[in-house]
Amino acid sequence: MDTLSYKTVSANKATVTKDWVHVDADGQTLGRLSSIVAKLLRGKFKPNFTPHVDCGDNVIITNASKINLSGKKWDSKEYIRHTGYPGGQRSLTATELFNKGPERLLENSVKGMLPKNKLGAAIFRNLKVYAGSEHDQSAQKPKTINLNDLK
C-alpha cells in the first residue's frame, strides 16, 4: 500500500520551545493588544500548538501607562470584585484601577482571555507587565514584535 501516514504530533513539556517576546503597548488599544498577547502566551501562533500544554512564549509588555481605551470606557468600564463577606462587592472604574497601577489594567484584561483553570494560571505567570519603557528581562534577549504583523 502506497499511502502517506500522518501522525498527529502532540507537544509536551520537554519538546516545547519557549521564546521571550517584547511588546510595546504605546498607543495600543487595550482589548486588541490583550487578545494578541493572550494568543502569544497560549502558543496559538505556533504550528505545534497543543491545548493542554503550556507551549506559549514568555511575554514582556512595556509602556503600560500609555495604553488607550476607546469611547467612554475610562469612566463607564467597571472592574468588580468580591471580598467574600456578605455585601462585600466592590467596584473600580478603569480610571481608578489605572491610577492604582497601569499594569493591573493590562493584567486583568489578559487574564480574562486565558483558560480559567490550573493551566491558565501557569500561562499567566509567563506575563511580565511594566508601566515604563524599562524592563528587568534584558538578559533573556527578548525579540520585539510588531503587533501590526500579527493578526
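This is a predicted model: local features need pLDDT of at least 70, side-chain atom pairs count only at pLDDT 80 or more; totals for chains, interfaces and linings use all residues.
The protein chain holds 5 helices and 6 strands, where helices (H or I, at least four residues) and strands (E, at least two) are DSSP runs, numbered from the N terminus. Starting at the N terminus, the order of elements is β-α-β-α-β-β-α-α-α-β-β. Residues are numbered from 1 along each chain as its sequence is written, and side-chain values use heavy atoms, with hydrogens and water left out.

The C-alpha trace of the protein chain spans about 70 × 40 × 30 Å along its principal axes. Of its 151 residues, 36% count as buried; buried means under 20% relative accessible area, exposed over 50%, and partly exposed in between, with a 1.4 Å probe and protein chains only. As for contacts (heavy atoms within 4.5 Å), those with a separation of 6 or more come to 67% from residues 24 or more positions apart.

I turn now to helix H1. This helix covers residues 30-42, 13 residues in total, and reaches 18 Å from its first C-alpha to its last. That is close to the 18 Å expected at 1.5 Å a residue, the expected span being 1.5 Å times one less than the number of residues. Its buried residues are Leu30, Leu33, Ser34, Ile36, Val37, Ala38, Leu40, Leu41 and Arg42. What covers them? The cover includes strands S1 (20-24), S2 (58-62), S3 (78-82) and S5 (127-129), together with helices H4 (102-111) and H5 (118-124). Just after H1, Gly43 adopts a positive phi of about 95 degrees.

On the H1 side, Leu30, Leu33, Ser34, Val37, Ala38 and Leu41 meet Leu105, Leu106, Ser109 and Val110 of H4. These residues divide into 8 nonpolar, 2 polar and no charged, with Ala, Val, Leu, Ile, Met, Phe, Trp, Tyr, Cys and Pro taken as nonpolar, Asp, Glu, Lys and Arg as charged, and the others, Gly among them, as polar.

Next, the backbone. Most residues other than glycine have a negative phi. Asn63, although not a glycine, has a positive phi of about 60 degrees. Asn63 sits in the loop between S2 and helix H2 (73-76). Is Asn63 buried or exposed? Asn63 is buried, at a relative accessible area of 7%. Lys141, also not a glycine, has a positive phi near 50 degrees. Lys141 belongs to the loop between S5 and strand S6 (143-144) and is exposed, with a relative accessible area of 70%.

The loop between S5 and S6 also holds Ala131. Ala131 and Asn63 are 68 residues apart in sequence, yet 4.9 Å apart in space, C-alpha to C-alpha. Neighbours within four places aside, Ala131 contacts Asn63, Ala64, Ser65, Pro102 and Glu103.

Finally, Thr93 lies in strand S4 (residues 89-93) and is buried, with a relative accessible area of 18%. Setting aside residues up to four places away in sequence, Thr93 touches Trp74, Asp75, Lys77, Glu78 and Tyr79.
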